[in-house]
Amino acid sequence: METLKIIGAIITLIGSLFLLLGSIGLIRMPDVFTRIQAGTKASTLGTLLSLLGLGIIYFDMAGKIFLLIVFILITNPVSSHMLARAAHFIGVKKADLTVVDKLEEKGKNHETKNSAK
Amino acid sequence: METIALITSFVLILIGLYGILSQKNILKMIVGFSLFDTGLHVLIVTVGYIRGGTAPILDQVTGTSNVSDKIVDPIPQALVLTAIVIGLGVTALMLAYALKMYQEKQSLDIRDFKELKW
Amino acid sequence: MNLLILITLSVIMLVMAVTAVVHKKLTVAVLATGVVSLMASVMYLLMAAPDVAMTEAAIGSGLSTIIFFYVLNKIRKAK
Amino acid sequence: MANIILQIAGGIMLLSLVLSLYRFFSSGTLVNRVIAFDTMTIISISLIAMITHYSGRTIYIDVALIYGLLSFLGVVVVARYLEKSL
């Protein structure tokens with residue numbers, strides 16, 4: 001029982017380290033899109049790991065924690081996707097290191113449809 | 001622990017009051033009102049906190065005998081629960097009036113509305 | 001540990017409240033009010049009031065921000 | 001042993017909350033501030049789960065449940081506002 005608790009605590013610690021990595025990436029990354037990637041992907045993984053560790057420690061919360069993990073997996077990528085889409089369409093400046101932008105190449109069709117409306 | 005929360009809520013109320021009194025833009029005044037509201041709610045919940053108490057929901061942790069030694073005061077929490085919802089209604093009403101005033105005069109500055117002065 | 005969390009939340013709340021009052025842009029002020037509501041929700045949980053925390057998380061940080069941005073959008077359209 | 005590790009984890013979460021606040025104030029566009037707001041909501045969900053452990057009441061996890069379900073609405077509304085299609 002004690003070893004199970006220690007395993008859960010270590011998983012939670014790894015999750016919080018991922019959260020720290022996410023916010024360090026938020027500071028260090030050069031432009032908006034890479035910041036969205038760092039702030040959402042690393043933070044989602046960190047939250048999932050820390051909730052999983054708490055679910056190992058407390059077995060009676062495991063159902064609610066499973067439900068919470070499903071909610072976060074659904075809602076969190078939706079918000080970051082909407083944000084990146086809006087940032088692309090209002091013309092946020094990209095970093096100099098950007099090599100490929102598929103939405104720009106495909107976007108002529110979309111923009112004409114948008115302006116016609 | 002209560003002292004820090006009390007100081008925070010009091011400073012928050014003062015910041016909200018300063019925002020209401022000093023801003024010229026109507027929407028910034030509503031933002032100040034929202035801050036004032038939040039500070040007031042934190043203050044009332046903190047007044048009901050008893051050191052070492054847990055949430056007033058009965059389960060295995062609290063048991064059923066001598067419950068009142070272990071829980072905090074539930075009455076301020078119920079009051080705040082109502083006040084939050086009423087605060088949302090008041091904020092929405094103020095925003096609707098601000099929108100109407102903007103459509104009337106094309107301006108959000110409070111100094112342009114002189115009809116209500118006497 | 002609870003004391004440390006409470007001090008950090010208080011500092012973030014006060015900094016964000018000053019930003020919401022002082023900053024010139026309206027959108028930044030509304031976002032800062034959302035952060036203040038978010039921190040207040042965690043603070044209610046430390047004050048042993050989970051029902052108030054639930055309501056504040058749903059209304060103060062979610063619905064209030066939505067209404068403010070709806071009105072800002074209406075004003076921008078009417079301009 | 002497990003309690004000490006969990007307290008260190010809570011301290012690291014607080015540190016990352018403060019670090020993501022830095023992005024709110026530097027580099028002035030609205031999109032950067034919304035990214036900081038999004039990251040702060042995600043971090044505070046796991047902070048609420050840690051407070052559940054510190055105070056020993058398992059019923060506090062319901063708050064994290066509500067917050068995880070509703071927290072993305074604010075960010076979506078700001079994104080629609082930026083895209084001028086609200």
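Student: How much area do chain D and chain C bury between them?

Tutor: First, this is a predicted model: local features need pLDDT of at least 70, side-chain atom pairs count only at pLDDT 80 or more, and totals for chains, interfaces and linings use all residues; side-chain values use heavy atoms, leaving out hydrogens and water. Residues are numbered from 1 along each chain as its sequence is written, while chains are lettered from A and ligands numbered from 1 in the order in which they are written. Buried area is the accessible area (1.4 Å probe) that two parts lose on being put together, summed over both. Between chain D and chain C, 83% of it is on carbon and sulfur atoms, and the total is about 3300 Å².

Student: Which element gives the largest share of the side of chain D that touches chain C?

Tutor: Contact means heavy atoms within 4.5 Å, and 33 residues of chain D are in contact with 37 residues of chain C. Helices here are DSSP runs (H or I, at least four residues), numbered from the N terminus. Helices H1 (2-25), H2 (30-55), H3 (61-70) and H4 (72-82) of chain D each give two or more residues to this side. The largest share, 11 residues, comes from H2(D).

Student: How many salt bridges does the rule find across the interface of chain D and chain C?

Tutor: A salt bridge is a side-chain nitrogen of Lys or Arg within 4 Å of a carboxyl oxygen of Asp or Glu. Across the interface of chain D and chain C, the number that the rule finds is 0.

Student: Which residue of chain D forms a salt bridge with A:Arg85?

Tutor: Chain A and chain D bury about 4000 Å² between them, and the count for this pair is 2 salt bridges. In the one formed by A:Arg85, the closest N and O atoms are 2.9 Å apart, and the partner is D:Glu83.

Student: Which helix supplies the largest share of the side of chain A that touches chain D?

Tutor: The contact takes 46 residues from chain A and 44 residues from chain D. On the chain A side, H1 (2-28), H2 (32-57) and H3 (62-89) each supply at least two residues. The largest share, 16 residues, comes from H3(A).

Student: Are H1(B) and H1(C) roughly parallel or roughly antiparallel to each other?

Tutor: Axes are lines fitted to C-alpha atoms, for helices over the stretch in contact, and angles run from 0 to 180 degrees between N-to-C directions. The two helices, each covering residues 2-22, pack at about 5° with their axes 10 Å apart. Angles under 35 degrees count as roughly parallel, over 145 as roughly antiparallel, 65 to 115 as roughly perpendicular and the rest as oblique. H1(B) and H1(C) are therefore roughly parallel.

Student: Which residue has a side chain joined to that of B:Thr54 by a polar contact of 2.7 Å?

Tutor: B:Thr54 sits in the loop between H2 (26-47) and H3 (74-105) of chain B. A polar contact is a pair of N or O atoms within 3.5 Å; within protein, one must be able to donate a hydrogen and the other to accept it, and residues adjacent in sequence count only if both atoms are side-chain atoms. Leaving aside residues up to four places away in sequence, B:Thr54 touches several residues, among them C:Ala48. The polar contact joins its side chain to that of D:Arg57.

Student: How far apart are the nearest C-alpha atoms of chain A and chain C?

Tutor: Chain A and chain B do not touch, with their nearest C-alpha atoms 12 Å apart. Chain A and chain C do not touch either, and for them the distance is 13 Å.
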